[in-house]
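Work through the exercises below with the model open beside you. Try each task before reading its solution.

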Amino acid sequence: MAEGTVSAYDAGSGWGVIVPDGGGPPVCVHQVEIRSHGDQALERGERVAFTIEQHDDGPRAAAVSPLGPILDEEELAGLGLAPEPEPAGEGAAAESSTSARPTPAPSDQPVKLPTWMRAVIALVALAALPSLVIGVIQVANGHEEWTPLLISGVIMLVVLRWIPHDLW
């Protein structure tokens, strides 16, 4: 796993930028890849561990885990990261500090569901068809006690239909 520092993060869009230790190009990160308890958000200056996955639009961070303390602006400047820009104009101090942060452009491809969720969907799909077939055969042969199995197979197929297939 690589380690790095969060140089920018916009909680509104869920996108951020991580600068890897030891050089290399900055990598984009999306909030679905943050592995933490509670709020899935990062802060500027936060130290993280991550893996790098290649996408059509360039490298992207995956399996991002916060490591420890958040660096202040002086420590970030020591790492060569530019200070965060100050909001311009009067009354800007009342604005959220996240509004001034740069946001990486999201890719054209949708974000995939986490692996564990895709595995659950696959298991439901594997169980739905046999439940449906066995339920139909048993009910057709006069075994009404198999009706709940038939109904559960139909429900599983309907639920699977509602999940957008491009997220699998």
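**Exercise 1. Find which backbone oxygen lies 2.5 Å from a polar atom of the side chain of Arg44.**

Step 1. The oxygen belongs to Ser7. A polar contact is a pair of N or O atoms within 3.5 Å; within protein, one must be able to donate a hydrogen and the other to accept it, and residues adjacent in sequence count only if both atoms are side-chain atoms.

Step 2. Place Arg44 in the chain. Arg44 sits in the loop between strand E3 (27–30) and E4. Helices (H or I, at least four residues) and strands (E, at least two) are DSSP runs, numbered from the N terminus.

Step 3. Arg44 has a relative accessible area of 9%, so it is buried. Buried means under 20% relative accessible area, exposed over 50%, partly exposed in between (1.4 Å probe, protein chains only).

Step 4. Note the ground rules. This is a predicted model, in which local features need pLDDT of at least 70, side-chain atom pairs count only at pLDDT 80 or more, and totals for chains, interfaces and linings use all residues. Residues are numbered from 1 along each chain as its sequence is written, and side-chain values use heavy atoms, with hydrogens and water left out.

**Exercise 2. Describe how strands E4 and E5 pair.**

Step 1. E4 covers residues 46–55 and E5 covers residues 58–70. Their pairing is antiparallel, over 8 bridges. Two strands pair if DSSP finds at least two bridges between them.

Step 2. Pick one bridge. Thr51 has Ala62 in E5 as its partner.

Step 3. Look at the turn. With 2 residues between them, E4 and E5 form a hairpin.

**Exercise 3. Work out which side of helix H3 holds its buried residues.**

Step 1. List the buried residues of H3: Leu150, Gly153, Met156 and Leu160.

Step 2. These residues cover an arc of only 125° around the axis, so they lie on the same side of H3. The arc is that of the directions from the helix axis to the C-beta atoms.

Step 3. Turn to the other side of H3, where Pro148 and Trp162 are exposed.

Step 4. Find the packing partner. The buried residues of H3 pack against helix H2 (115–140).

**Exercise 4. Decide where the model calls for caution.**

Step 1. The mean pLDDT of the protein chain is 77. pLDDT is the predictor's confidence in each residue, from 0 to 100.

Step 2. Over residues 86–102, pLDDT stays under 50. Where pLDDT is low, the predicted coordinates should not be read in detail.

Definitions and conventions
Contact means heavy atoms within 4.5 Å.
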